[in-house]
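Hi,

Here is the structure I promised to pass on. Have a look at it first, then read my notes below.

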Amino acid sequence: MATYLENLIIIRDSLAQELSDEAAYRAEHGPKPTYSISGRSVSWMEYISGMQAAIKEATDQIIMSGAEGIIDEHVRGYV
């Protein structure tokens, strides 16, 4: 059974992978008409912002849980 910290890391990594997958799809096939966050249709930029906020929140919770040895490097990029 995964610990609380392990679950947070899995959630954060899943969100990051989902964002990466969507960016790759967009690069190959062009943009989708809409994206969805919490059941709400949003634009690509709103989707990116929402996903980044969710990833940051999970990362902050990981850091607050006292996880030692976890290093996150914040990088700004454009897709």
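Let's start with a question: is Tyr47 buried or exposed? Tyr47 is buried, at a relative accessible area of 2%. Here, buried means under 20% relative accessible area, exposed means over 50%, and partly exposed is in between (1.4 Å probe, protein chains only).

Before you go on, keep in mind that this is a predicted model: local features need pLDDT of at least 70, side-chain atom pairs count only at pLDDT 80 or more, and totals for chains, interfaces and linings use all residues. Residues are numbered from 1 along each chain as its sequence is written, and side-chain values use heavy atoms, with hydrogens and water left out.

Now the overall layout. You'll find 2 helices and 2 strands in the protein, and along the sequence they follow the pattern α-β-β-α. (Helices, H or I with at least four residues, and strands, E with at least two, are DSSP runs numbered from the N terminus.) Of the 79 residues in the protein, 23% are buried. Take the contacts between residues at least 6 apart in sequence: 55% of them join residues at least 24 apart. Contact means heavy atoms within 4.5 Å.

Next, the aromatic rings. A pair of aromatic rings is described by the distance of the centres and the angle of the planes. Rings of Phe, Tyr and Trp (its six-membered ring) pair if their centres lie within 6.5 Å; planes under 30 degrees apart count as stacked, over 60 as edge-to-face and the rest as tilted. The structure has 3 aromatic pairs. In one of them, Tyr35 and Trp44 have ring centres 4.9 Å apart and planes at 55°, so this pair is tilted. Trp44 and Tyr47 have centres 5.8 Å apart and planes at 25°, so they are stacked. Those two sit 3 residues apart in helix H2 (residues 44-64), which means about one helical turn separates them. Trp44 counts as buried because its relative accessibility is 8%, and Tyr35 is buried too. Together, Tyr35, Trp44 and Tyr47 form one aromatic cluster.

Last one: most residues other than glycine have a negative phi. Ser38 isn't a glycine, yet its phi is positive, about 55°. Look for Ser38 in the loop between strand E1 (35-37) and strand E2 (40-42). Ser38 is exposed, with a relative accessible area of 79%.

Cheers
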